[in-house]
Amino acid sequence: MGTVLVVDDDRAVLHMVDKTLRQAGHTVLTAATAADGLAAVGAAHPDVVLLDIVLPGETGLSVFRRIQEVDRRLPIIFITAGAGSDTAIEAMQLGAYDYVAKP
């Protein structure tokens with residue numbers, strides 16, 4: 001199985017996604033801030049990133065662009081509270097792999 005990095009400032013979301021993916025056999029890394037997420041991308045080289053669109057201090061789109069500078073082939077799936085949000089649509093247009101709605 002692969003290594004998944006989850007970047008979200010909501011602890012409940014981090015816990016739920018972490019638990020679910022671990023049960024499926026994946027290695028899961030979590031980060032609650034943009035800075036920690038970016039550091040994890042550089043240090044751990046995950047196979048995929050689940051990235052919240054709304055983060056404190058920096059937008060998910062900004063983080064997405066910075067991750068793309070490091071590795072353009074790294075699949076990034078946005079996590080959003082608004083499934084049809086303009087930001088999620090913009091993320092897809094910029095090259096995000098996909099987006100999913102938060103429960």
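A word on the model before we set off. This is a predicted model, in which local features need pLDDT of at least 70 and side-chain atom pairs count only at pLDDT 80 or more, while totals for chains, interfaces and linings use all residues. Residues are numbered from 1 along each chain as its sequence is written, and side-chain values use heavy atoms, with hydrogens and water left out.

Let's start inside. A nonpolar core here is a set of buried Ala, Val, Leu, Ile, Met, Phe, Trp, Tyr and Cys residues joined through side-chain atoms within 4.5 Å; buried means under 20% relative accessible area, exposed over 50%, and partly exposed in between, with a 1.4 Å probe and protein chains only. The largest such core has 20 residues, and Val-49, Leu-51, Ile-67 and Phe-78 have the most contacts inside it. Two or more residues come from each of β1 (3-7), α2 (34-44), β3 (48-52), α3 and β6; helices (H or I, at least four residues) and strands (E, at least two) are DSSP runs, numbered from the N terminus. Another core, of eleven residues, lies apart from it and includes Val-6, Val-17, Leu-21 and Val-48.

Taking contact as heavy atoms within 4.5 Å, and not counting residues up to four places away in sequence, Leu-51 touches Val-7, Gly-60, Val-63, Phe-64, Ile-76, Ile-77, Phe-78 and Ile-79.

Two of those neighbours, Phe-64 and Phe-78, bring us to the aromatic rings. Rings of Phe, Tyr and Trp (its six-membered ring) pair if their centres lie within 6.5 Å, with planes under 30 degrees apart counted as stacked, over 60 as edge-to-face and the rest as tilted. By this rule there is one aromatic pair. The ring centres of Phe-64 and Phe-78 are 5.6 Å apart and the planes meet at 50°, so the pair is tilted. It links distant parts of the chain, 14 residues apart: Phe-64 sits in helix α3 (residues 60-70) and Phe-78 in strand β6 (residues 76-80). Both are buried.

A polar atom of the Asp-52 side chain lies 3.3 Å from the backbone nitrogen of Val-54. Leaving aside neighbours within four places in sequence, Asp-52 is in contact with Val-7, Asp-8, Asp-9, Gly-60, Phe-78, Ile-79 and Lys-102.

Now for the salt bridges, each a side-chain nitrogen of Lys or Arg within 4 Å of a carboxyl oxygen of Asp or Glu. The whole structure has two. In one, Arg-22 and Asp-18 meet at 2.6 Å, N to O; both lie in helix α1 (residues 11-23), four residues apart, about one turn of the helix. Arg-22 is partly exposed at 44% relative accessibility, whereas Asp-18 is buried at 18%. In the other, the closest N and O atoms of Glu-58 and Arg-66 are 2.9 Å apart. Glu-58 is buried at 17% and Arg-66 is partly exposed at 39%.

Our last stop is His-45, in the loop between α2 and β3. Most residues other than glycine have a negative phi. The phi of His-45, however, is positive, near 50°, and at 57% relative accessibility His-45 counts as exposed.

Technical notes:
A polar contact is a pair of N or O atoms within 3.5 Å; within protein, one must be able to donate a hydrogen and the other to accept it, and residues adjacent in sequence count only if both atoms are side-chain atoms.
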